[in-house]
Amino acid sequence: MRRGFILITVSVLLICLLAGTQSAAAQLLAGVQLSYGWANYADILGKGSARASQLLTSVWGQYDHEDLRFTGSYLGSLSLGGKSVSQNLGQLAANYRLLEEGPMQIYVGLGYHLLSTRFDGELGGQSGDFTLTGHGFAGQVVLDIELAPKVRSSAVLTATPWVNWSYTSAKKTTADILASTSFNARLDVTYDFSEELSIQVGLVGGSFKVPGFKHEGLEFGPTREAFTGISAGITQRF
């Protein structure tokens, strides 16, 4: 969790720094989104499964300068209906505009990804709450398409091929877990109310897998999760 707050702080500082050096060719955007969706845990430490509705909140920033696009985002989720699972996802990335053709732009880049999920102990057959935390470098693809003068669509796809995982329970941590994958995506349709303010609706989703591991002499099976949600939010240009 502490790493998540550090990543968010770095994101904010980066955006503020870039905002202070804006030129006529640069643009800074910041947005807030609220989502409602579902999370499906096919395995939890190999001992159980769960499906729960969840509320997701997201803040993000984007800075464009010529052919470069810097992005930072944080997504937090809280399960509803008695399934006690909470998740925090933070990302930073630097992207380069690979293609610009008509109304379409495609960026590709590299960033860093941090994911932390806290479970109620009962969901994994444990006596107390436990946390799975993963981090690693991520590849990112950003697609922007102008559909009309005030309407555009965008998609942000982020994949982390080698997530380094750790397991924490009762203040004891195991970090020698085999690396695995994580993926998340955001798709939005945006309408510009003015030069400064926009609204958007869209979808968010993602998945991750933690391989089996040993902790304090005990053997645990894998954990797999997939989530999706419907979102709405606002964007401010600076």
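This is a predicted model: local features need pLDDT of at least 70, side-chain atom pairs count only at pLDDT 80 or more; totals for chains, interfaces and linings use all residues.
Local features need pLDDT of at least 70 and side-chain atom pairs count only at pLDDT 80 or more, while totals for chains, interfaces and linings use all residues. Residues are numbered from 1 along each chain as its sequence is written, and side-chain values use heavy atoms, with hydrogens and water left out.

Q: In what order do the elements of the protein chain run from the N terminus on?
A: Helices (H or I, at least four residues) and strands (E, at least two) are DSSP runs, numbered from the N terminus. The protein chain has 1 helix and 13 strands. The order is α-β-β-β-β-β-β-β-β-β-β-β-β-β.

Q: How many bridges join strand 2 to strand 3?
A: Two strands pair if DSSP finds at least two bridges between them. Strand 2 and strand 3 run antiparallel, and Leu-56 stands opposite Ser-77 in strand 3. The number of bridges that join strand 2 to strand 3 is 12.

Q: Is Ala-170 buried or exposed?
A: Buried means under 20% relative accessible area, exposed over 50%, and partly exposed in between (1.4 Å probe, protein chains only). Ala-170 is found in the loop between strand 7 (151-169) and strand 8 (172-174), and its phi is near 50°, a positive value in a residue other than glycine. Because its relative accessible area is 66%, Ala-170 is exposed.

Q: What is the relative accessible area of Gln-126?
A: Gln-126 is found in the loop between strand 5 (104-119) and strand 6 (130-148). Leaving aside its neighbours within four places in sequence, Gln-126 is in contact (heavy atoms within 4.5 Å) with Leu-45, Lys-47, Gly-121, Tyr-167 and Phe-220. Gln-126 counts as buried, because its relative accessible area is 16%.

Q: Which element gives the largest share of the lining of the largest cavity?
A: On a 1 Å grid over the protein atoms alone, a cavity is a set of points where a 1.4 Å probe fits but cannot get out, and lining residues have an atom within 4 Å of a point. The largest cavity holds about 290 Å³ of space, a volume being the space filled by probe spheres set on the points, which are joined across faces, edges and corners. Of the 24 residues that line the largest cavity, the closest to its centre are Ser-73, Gln-91, Val-156, Asn-184 and Arg-186. The largest share, 5 residues, comes from strand 3.

Q: Which element gives the largest share of the lining of the largest pocket?
A: A pocket is an open set of points with protein on both sides within 12 Å along at least five of seven lines. The largest pocket has a volume of about 470 Å³, and of its 28 lining residues the closest to its centre are Arg-69, Gln-105, Asp-144, Arg-152 and Arg-237. The largest share, 5 residues, comes from strand 6.
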